[in-house]
Amino acid sequence: MSFKTNNKVVQWVEDRLPLISMGHHTLYEYPMPKNLNYLWNFGSLAGFALVTMIVTGIILAMQYTPHVDMAFNSVERIMRDVNNGWLIRYIHMNMASFFFIAVYIHIMRGLYYGSYKAPRELLWQLGVVIFLLMMATAFMGYVLPWGQMSFWGATVITNLFSAIPVVGESIVTWLWGGFSVDNPTLNRFFALHYLLPFIIVAVVVLHIVALHTVTSNNPLGIDMKGPQDSLTFQPYYTIKDLFGLGVFLILFAGFLFWAPNYMGHPDNYIPANPLSTPAHIVPEWYFLPFYAILRAVPDKLGGVLAMFGAIAVLFVLPWLDRSKIRSCKFRPVARVFFWIFLLNGLFLGYLGGKPAEGWYVVASQIATAYYFFHFLILLPVILPMIERPRELPSSIHEAVLKS
Amino acid sequence: MADGANPESSAQGSGETRREFLYLTAGAMTVVGAAGAIWPMIDSMNPSADVLALSSTEVDLSPIEEGQSVTITWRGKPVFIRRRGAEEIAIAEETPLADLPDPQTDDDRVEKPEWLILVGVCTHLGCVPLGQKTGESRGDYGGWFCPCHGSHYDTSGRIRKGPAPKNLEVPPYVFLTDNSIKIG
Ligand code: HEM
Ligand code: FES
């Protein structure tokens, strides 16, 4: 590698532990395609969000009490009495949402530009694993303040496992550590909520090792063929990532200081009451599309399978999409269906927040069917028959010069 | 283990099988040992002795009027007690089993027809159905209605419509006297 130093101490460390040259390689000379657009910022934004969650979370954990009689009040104490407690909790609450916003855009970027295709299949699958771990972490975090939505969200979601034939009930009792969501449940959720983010960090490291093995995709979806196609990470993308971070933080500050509860639910400021279910239980907004899929199927086990299936199809997507062309820029039909898929996903999110009655139910069923149609029929069967991709440019460099 | 075998011993035909046997038994013992070590940890998450100890509750039924419902707690869950009127009992008894997604006669669900005792937890995903308080929706079948995903239960607590797969559970209980029961 091109890392060189005249400093004796640095060289001494380097000969024993090549940490500095690794850092130099990843953040300095690592070659990036030179045509990336701003959609390539969301990976580093998600990383920033993860670090923020861990830092604010550890500070919250110093003040929080995981006991059914004290959890709600300990959070209120954080909000009223602890120095800057309101700020730290609101950062943790709102950054959880922004983390999901960043990751959803990051995923959509991957879908549009075909970043899941060879040789990036494992990179993509590690991403799906991170997404699953994030959902588990956020779900358990939302239980900790022990409000009405915490309690009933935990009840409904843990009960999903009772749909498993034969052993379902025993699994649910085991998850709860009792016969309903109660103190043992809150305790273990706190332990796991503390643990999982660090597991996410570990998977993120693997995600990045895989990324650096196969290098970044780009809006054209063609490979870098030489130095004329790339730029070094420093200073070009360090500065672009930092600029993106600035914009992200301005938006974040808008929510944090002016509408900190906008993305939450007021019922979670009512202490948990195991004897009374709120009229409409809704999960946090980032779960709504999957919640709509769960409710669309009028059968308990079927609904649960559809919900997990919605993520399972992402996991096998690299083999469902049979086109050799990565970027939708050169796929005139896939591009149209990408936008339909995105709108359908947003519509599912809207439906997930509505009560399961009347036309909402029928609409969720249609939208759910469309979701699976996209992955299971459109991509593998229909598109290969009807789509004629446009001609690819011969290199990134040439395409950049032309535009 | 073919790559581990040296040509001489496999020529004799004895060394390889002996080594394979050792691999296999050692491997099997490791699996048994690991499972034995992991099980206590998994089992520690099951309900503990103190949680199990809280598992029975006595209830005095005398203050409950006909047509009235009360909710009590048992094992952290709501239990519905409804003193049914003659009409409600008749509807429940006359419903043909063919109309029920989870067929069960009313008789199988009560000790005394007047007293319907149920775990007040929707068998879909665990919400507490409405219908205990006056003014709350009782659903299309006059029993309970779960607002979470729209399950309707009848006057015997049986599922009639919606995503819930089973009837509301009847907890184990005995009449201690004519006017009091012990649940659990
Ligand atoms: C992947 C990273 C994380 C995510 C997505 C996440 C998400 C959440 C969410 C959604 C809440 C509920 C906020 C509310 O409505 O009050 C929460 C609460 C909490 N989290 Fe996290 N969290 C993460 C990391 C951590 C870490 C590393 C800790 C360290 C122990 C932590 C500690 C806490 C505590 C103590 C609470 C309860 C206080 C409160 O409700 O504000 N979190 N988390
Ligand atoms: S929990 Fe009652 S209908 Fe879903």
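This is a predicted model: local features need pLDDT of at least 70, side-chain atom pairs count only at pLDDT 80 or more; totals for chains, interfaces and linings use all residues.
**View 1. The part of chain B annotated as "domain: Rieske".** Here we move along chain B to residues 86-182, again named in an unreviewed UniProt entry. Over these residues the chain is 9% helix and 26% strand. The end C-alpha atoms of residues 86-182 are 24 Å apart.

**View 2. Helices H5 and H10 of chain A packing against each other.** H5(A) runs over residues 85-112 and H10(A) over residues 233-258. Two numbers sum up a pair of packed helices: the angle between their axes and the distance between the axes. For this pair, the angle is about 130 degrees and the axes are 10 Å apart. That angle is why H5(A) and H10(A) count as oblique to each other, and their crossing is right-handed. Look for Trp86(A), Leu87(A), Tyr90(A), Ile91(A), Asn94(A), Met95(A), Phe98(A) and Ala102(A) on the H5(A) side. They meet Phe248(A), Leu251(A), Phe252(A), Phe255(A), Leu256(A) and Phe257(A) on the H10(A) side. Sort the residues of this H5(A)–H10(A) contact by type and you get 13 nonpolar, 1 polar and no charged.

**View 3. Helices H3 and H9 of chain A, another packed pair.** H3(A) covers residues 42-61, and H9(A) covers residues 183-214. Their axes come within 11 Å and cross at roughly 155 degrees. An angle over 145 degrees counts as roughly antiparallel, so that is how H3(A) sits relative to H9(A). The crossing of H3(A) with H9(A) is left-handed. From H3(A), the residues in contact are Leu50(A), Ile54(A), Ile58(A) and Ala61(A). An α-helix has 3.6 residues a turn, so residues three or four places apart point the same way. Facing them from H9(A) are Phe190(A), Tyr194(A), Pro197(A), Phe198(A), Ile200(A), Val201(A) and Val204(A). The tally for the contact of H3(A) with H9(A) is 11 nonpolar, no polar and no charged.

**View 4. Helix H4 of chain A, largely enclosed by the rest of the structure.** The buried ones are Ala71(A), Phe72(A), Ser74(A), Val75(A), Glu76(A), Ile78(A) and Met79(A). What do the buried residues of H4(A) pack against? Their partners are H3, H5 and H9 of chain A.

**View 5. Helix H11 of chain A, with 9 of its 9 residues buried.** This helix takes in residues 288-296, and its burial means that it is largely enclosed by the rest of the structure. Among its buried residues are Leu288(A), Phe290(A), Tyr291(A) and Arg295(A). The cover over H11(A) includes H5, H6, H12, H13 and H14 of chain A.

**View 6. Ala279(A), in the loop between H10 and H11 of chain A.** Is Ala279(A) buried or exposed? With a relative accessible area of 52%, Ala279(A) is exposed. C-alpha to C-alpha, Ala279(A) is 34 Å from Ile200(A), and the two are 79 residues apart in sequence.

**View 7. Residues 223-394 of chain A, the "domain: Cytochrome b/b6 C-terminal region profile" of an unreviewed UniProt entry.** This span is 61% helix and 2% strand. Its end C-alpha atoms lie 10 Å apart.

Key: Residues are numbered from 1 along each chain as its sequence is written. Chains are lettered from A and ligands numbered from 1 in the order in which they are written. Side-chain values use heavy atoms; hydrogens and water are left out. Axes are lines fitted to C-alpha atoms, for helices over the stretch in contact, and angles run from 0 to 180 degrees between N-to-C directions. Helices (H or I, at least four residues) and strands (E, at least two) are DSSP runs, numbered from the N terminus. Angles under 35 degrees count as roughly parallel, over 145 as roughly antiparallel, 65 to 115 as roughly perpendicular and the rest as oblique. A crossing is left-handed if the near helix is turned anticlockwise from the far one by less than a right angle, and right-handed if clockwise. Contact means heavy atoms within 4.5 Å. Ala, Val, Leu, Ile, Met, Phe, Trp, Tyr, Cys and Pro count as nonpolar, Asp, Glu, Lys and Arg as charged, and the others, Gly among them, as polar. Buried means under 20% relative accessible area, exposed over 50%, partly exposed in between (1.4 Å probe, protein chains only). UniProt positions are given in the numbering used here, feature names are shortened, and annotations may be inferred rather than shown by experiment.
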